[in-house]
Amino acid sequence: MLLKAAPAFSLLNTRGDSFGPLFSSASSLSNNNLAVSPSILRPKTGSGFLVCASKGATNKSLTGVVFKPFEEVKKELNLVPTLPHVSLARQKFTDESEAAINQQINVEYNVSYVYHAMFAYFDRDNVALKGLAKFFKESSVEEREHAEKLMEYQNKRGGKVKLHSILMPLSEFDHTEKGDALYAMELALCLEKLTNEKLLNLHGVADRNNDVQLADFVESEFLAEQVESIKKISEYVAQLRRVGKGHGVWHFDQMLLRGEEAVA
């Protein structure tokens, strides 16, 4: 490694009569396993020095610099977009990943729409199951928040959010054999499993494109929470199957309305 002392580096005595405390003795440098030869400070011109550091007893110079930021960044500078409609933040983010995120946004909005329809059904005056209405309203908001989180991530990576059409959900959830509460909860369980499957597909796209950041985002923000939701709703389905369609549904509804700890 060659170090050149600039002419403006006035801390060195360019007359050669004294080097001050900076180079007080050769022994202080040899303690660091650097042998100092008479040429360690050779006058280059009348205004500076060429400093050579050699390791051990040889005169072989230490050469090479592992990281050359200004050299390596040159190719990146050529890739910086100049068009106003092209993202500046985009890096190693494929079109497939961008499209998969937009598809997942659509999944989250569709599921949110179905949950909102369930909320409207159970909130009717002739159904009046306020606990179920509360549960499905909160579920709808949660899925919409998931969609917005994906939209924010899409923008963060330099992608473009493209919202697709949302299908019209059911408006009636009564079932002759199961009743409305059990039927709606089983439908919710199927929706949560479907959402989990779509998230796993999104994670697969990230792996296929070596997008570690997208994979980490899906794992940390969605997958664990999705497993918890599936477990909770599975328990609700099992409980509703036990209580049937009668008075037990009202007690289950009160549990959702006041919290599970209210169940005695």
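In which helix is the place of Asn106? Asn106 sits in helix α3. This is a predicted model. Helix α3 spans residues 95-122 and also holds Glu108. A second topic here is the packing of helix α6 against helix α7.

**Asn106**
- Asn106 has 18% relative accessibility, so it counts as buried, the cut-off being under 20%.
- A polar atom of the Asn106 side chain lies 3.5 Å from the backbone oxygen of His164.
- Leaving aside residues up to four places away in sequence, Asn106 touches His164 and Ser165.

**Glu108**
- The UniProt annotation "binding site", from an unreviewed entry, covers Glu108.
- Glu108 counts as buried because its relative accessibility is 0%.
- The side chains of Glu108 and Gln104 are joined by a polar contact of 3.0 Å.
- With residues up to four places away in sequence not counted, Glu108 touches Glu143, His146, Ala147, Leu150, Thr195 and Leu199.

**Helices α6 and α7**
- Two packed helices are described by the angle between their axes and the distance between the axes.
- Helix α6 covers residues 212-243, and helix α7 covers residues 247-258.
- Their axes lie 8 Å apart, at an angle of about 150 degrees.
- That angle makes α6 roughly antiparallel to α7.
- The crossing of α6 past α7 is right-handed.
- On the α6 side, the contact involves Tyr236, Gln239, Leu240 and Val243.
- On the α7 side, these residues meet Gly248, Val249, Phe252, Met255 and Leu256.

Terms used
Residues numbered from 1 in each chain as written. Predicted model: local features only at pLDDT ≥ 70, side-chain atom pairs only at ≥ 80, totals over all residues. Heavy atoms only, no water. UniProt positions renumbered as here; feature names shortened; annotations may be inferred. Helix = DSSP H or I, 4+ residues; strand = E, 2+ residues; numbered from the N terminus. Buried < 20%, exposed > 50% of the residue type's maximum accessible area, 1.4 Å probe, protein only. Contact = heavy atoms within 4.5 Å. Polar contact = N/O pair within 3.5 Å; in protein donor to acceptor, adjacent residues only side chain to side chain. Axes fitted to C-alpha atoms, helices over the stretch in contact; angles between N-to-C directions. Parallel < 35°, antiparallel > 145°, perpendicular 65-115°, else oblique. Left-handed = near helix turned anticlockwise from the far one by under 90°.
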